[in-house]
Amino acid sequence: MIEKMKMVHVVTSASGKEAMLKGLRDIGVMHLAEKQSADREVTERFQTMSRTATTLKEYAEPKQRGSSEILSEEEFNKMYSGVLDALEKKSVLTQEISSASAEIDRISDWGDFSPAELAELRNEGFDFHFYRMGEKEFQAAAADENVRVIKLSPIDKQVAVAVLGTLPPEIQATEFMLPERGISDLKHDIELSREGIQECDETLKAASIYDESFKAEMRKVQNELNFSEAEATTDGDEDFVWISGYIPEADIEVFKAKAAETGCAWAVEDVADDDDKIPTKVRYNKVSKLIQPVFDILGIMPGYREQDISLWFFLFFILFFAMIIGDGAYGVLILIGTIAINVVQKKVTNVTFLLYVLSIATIIWGAVTGTWFGMESAMEVPLLKKLVIPSIATYPEYFGKTSTDAQNMIMRFSFSIGAIQMALGAILSIKKKIPEKDLSWVADVGWAIAIIAMYLLSLNLVTHDPVPLMPVFVLIGVAFLIVVLFGGMSPDKTFGQGLKSGLADSFTVFLNTISCFGNVMSYIRLFAVGMAGVAISQSFNGIAAGMHGPLMIAGVIVVLIGHALNIVMCFLSVVVHGVRLNVLEFSGQAGIEWTGVPYEPFKELNE
């Protein structure tokens with residue numbers, strides 16, 4: 001359920017600003033409206049600490065990370081200062097190595113010489129310059145009695161020369177700019193820099209064990225950042241300051257008590273109808289809460305004025321996951337992995353609970369279809385064979401069925417799921433609109449009729465069920481007419497205005513009707529992706545089965561790698577296909593656009 005929000009305005013004296021903000025932070029229920037940026041110094045400090053903590057993770061040994069106790073503030077500051085110095089020094093040394101290496105590359109063709117000796121010769125009046133030139137240019141320089149030139153070893157198929165003084169401008173040549181240090185000195189510098197980097201790395205490795213200390217200090221800085229944002233968000237004059245925000249209706253009494261305690265004046269009002277920045281706070285029940293990790297990963301949130309479909313999303317997601325993974329043995333592996341995670345974490349989180357449910361659902365689907373690592377031999381096990389529903393069996397021959405019959409049945413099941421889910425979306429939209437006196441709910445009735453018609457049409461075209469087409473097309477026509485007549489209705493329009501708007505969108509409705517057929521048909525992906533997973537399993541099993549004798553080990557490796565890749569691809573398919581059916585087809589029919597602003601109250605972070 002999406003909690004109802006109230007707009008709250010709080011006013012206090014200028015001197016009571018800090019007390020007001022601390023009071024709001026203590027109760028932690030106000031989502032600040034028009035939040036402003038925090039103080040730049042605090043922001044930069046938080047960003048620097050966050051980057052540093054992330055960098056240190058690269059130096060941490062898996063067994064050591066987080067093994068240290070949390071440091072005191074003084075100890076942390078000393079350690080943190082050393083880390084920043086080490087990172088800065090390492091950056092400087094790395095740049096010096098890069099510059100020295102580039103300089104070595106530039107001068108290496110000229111050999112290892114001492115620039116200091118050349119400088120001494122220049123001080124004694126021997127101003128040598130070095131050039132590269134073609135043979136023709138060298139002959140011209142050698143023939144010029146005013147040019148004193150010494151031929152050196154060739155470089156890159158060009159003549160290298162040393163000239164006392166400079167060449168005349170008419171002789172084309174590329175002058176070699178003398179370095180400040182020779183190759184030997186540069187290599188020595190690089191070695192010293194590498195030693196310095198190694199010392200820095202030791203410092204960073206020593207600091208990497210203080211992961212928990214960094215988390216604790218970052219929470220402090222995050223709290224400073226949040227408080228700074230709240231300070232910047234307040235408005236006022238010389239006498240008074242005020243701030244506005246959203247508070248869940250259920251928490252209004254808590255807010256009032258704190259306002260009275262801090263001596264603040266306040267006003268509470270309903271949120272404006274045109275306010276599109278109202279945050280969404282979803283109150284999950286014990287079941288729907290399990291889908292929250294999926295919402296967090298996808299970064300989706302229903303809008304404040306949209307419906308909470310988390311329970312339906314969760315139930316259909318379980319079914320989609322099971323059908324797409326499709327293999328009971330894979331479900332067992334997921335279950336074992338979940339148990340291992342649970343043992344390590346020593347508690348059941350929403351994520352592990354969700355994985356338990358998904359793995360068990362996958363095992364059940366694999367059992368009723370008879371799919372265990374894609375092995376046909378699994379049907380020779382009496383217990384596994386008894387669990388199978390013959391009409392949807394992966395190996396129907398063991399039950400006197402044909403593969404065509406079984407595949408058609410699963411496709412019917414997929415289309416049925418699609419029709420049920422999309423029709424449910426239309427019903428949820430109707431349920432929402434009727435209390436709002438939005439007459440466009442009649443158009444949703446039309447869409448529900450269209451969905452049923454498209455479902456019947458899909459059965460006729462794909463599985464060749466004997467569905468009479470004339471009644472189907474009549475239903476489609478009736479649905480189209482209802483949607484055109486009532487699709488433009490809304491509470492702020494008269495019936496005539498709504499009718500005019502709907503008629504104007506008739507071509508769009510026509511396209512959406514065609515799209516409705518595509519949406520119902522798209523649920524066949526549940527069948528197709530599941531069958532693809534089985535086919536991949538069978539392929540790897542077949543490859544391994546052909547390896548005998550010494551190749552048995554290679555066969556085992558092929559099976560392990562093949563099934564591991566298949567599991568990964570199945571998980572990707574869940575994201576691509578299973579989530580899509582919920583987020584697009586179902587949500588679109590229910591009028592959910594996932595435009596919500598997450599409810600982020602101003603509060604102090606403790607963990």
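**A chat about cores, rings and helices**

Biologist: Which residues is Phe 255 in contact with, leaving aside its neighbours within four places in sequence?
Modeller: Keeping in mind that this is a predicted model, Phe 255 is in contact with Val 8, Val 10, Leu 24, Ile 27, Ile 247 and Trp 266, once those sequence neighbours are left aside.

Biologist: And what sort of core do we have here, in terms of residues?
Modeller: The largest nonpolar core has 96 residues, and Phe 255 is among those with the most contacts inside it, together with Val 10, Met 20, Phe 313, Phe 317, Leu 526 and Trp 594. Helix H10, which covers residues 310–325, gives the largest share of this core, namely 11 residues. Apart from that core lies another one of 22 residues, including Phe 46, Leu 56, Leu 71 and Leu 225.

Biologist: Let me switch to rings: how many aromatic pairs does the structure hold?
Modeller: It holds 20 aromatic pairs. One of them joins Phe 255 and Trp 266 in an edge-to-face arrangement, with 6.3 Å from centre to centre and 75° between the planes. This pair links distant parts of the chain, since Phe 255 sits in helix H8 (residues 252–262) and Trp 266 in strand E9 (residues 265–270), 11 residues apart.

Biologist: Buried or exposed, how does Phe 255 count?
Modeller: Phe 255 counts as buried because its relative accessibility is 1%, and the cut-off for buried is under 20%.

Biologist: What about Phe 321 and Phe 571, what kind of pair do they form?
Modeller: Phe 321 and Phe 571 also form an edge-to-face pair, at 5.7 Å centre to centre and with 70° between the planes. They are 250 residues apart, with Phe 321 in helix H10 and Phe 571 in helix H20 (residues 552–590), and this pair too links distant parts of the chain. Phe 321 is buried, at a relative accessible area of 3%, whereas Phe 571, at 32%, counts as partly exposed.

Biologist: Which residues form one aromatic cluster?
Modeller: Trp 110, Phe 113, Phe 130 and Phe 176 form one such cluster. As a separate point about rings, Lys 385 lies over the face of Phe 399, at 5.7 Å from the ring centre.

Biologist: Okay, helices now. How many residues has H15, and how far does it reach?
Modeller: Helix H15, residues 441–462, has 22 residues and reaches 31 Å from its first C-alpha to its last, which is close to the 32 Å expected at 1.5 Å a residue. Because 16 of its 22 residues are buried, H15 is largely enclosed by the rest of the structure. Just after H15, His 464 takes a positive phi of about 60°.

Biologist: Where is Lys 437 found?
Modeller: Lys 437 is in the loop between H14 and H15, and its phi, near 55°, is a positive value in a residue other than glycine. With a relative accessibility of 74%, Lys 437 counts as exposed. Lys 346 has a positive phi as well, near 60°, and its place is in the loop between helix H11 (328–345) and helix H12 (350–369); Lys 346 is exposed, with a relative accessible area of 73%.

Biologist: And Ser 414, which helix is it in?
Modeller: Ser 414 is in helix H14, residues 403–433. Ser 414 is buried, with a relative accessible area of 0%. Leaving aside its neighbours within four places in sequence, Ser 414 is in contact with Met 323, Tyr 523, Ile 524, Leu 526 and Phe 527.

Biologist: Last topic, the whole chain: how many helices and strands are there?
Modeller: The secondary structure comes to 20 helices and 11 strands. The radius of gyration is 37 Å, well over the 25 Å that the globule rule gives for 607 residues, so the chain is more spread out than a compact globule. Along its principal axes, the C-alpha trace spans about 110 × 90 × 60 Å.

Biologist: What percentage of the residues in the chain is buried?
Modeller: Buried residues make up 44% of the 607 residues.

Conventions
Residues are numbered from 1 along each chain as its sequence is written. This is a predicted model: local features need pLDDT of at least 70, side-chain atom pairs count only at pLDDT 80 or more; totals for chains, interfaces and linings use all residues. Side-chain values use heavy atoms; hydrogens and water are left out. Helices (H or I, at least four residues) and strands (E, at least two) are DSSP runs, numbered from the N terminus. The expected span of a helix is 1.5 Å times one less than its number of residues. Buried means under 20% relative accessible area, exposed over 50%, partly exposed in between (1.4 Å probe, protein chains only). A nonpolar core is a set of buried Ala, Val, Leu, Ile, Met, Phe, Trp, Tyr and Cys residues joined through side-chain atoms within 4.5 Å. Contact means heavy atoms within 4.5 Å. Rings of Phe, Tyr and Trp (its six-membered ring) pair if their centres lie within 6.5 Å; planes under 30 degrees apart count as stacked, over 60 as edge-to-face and the rest as tilted. A charge sits over a ring if NZ of Lys or CZ of Arg is within 6 Å of the ring centre and within 35 degrees of the ring normal. The radius of gyration is taken over C-alpha atoms; the globule rule is 2.2 Å times the number of residues to the power 0.38.
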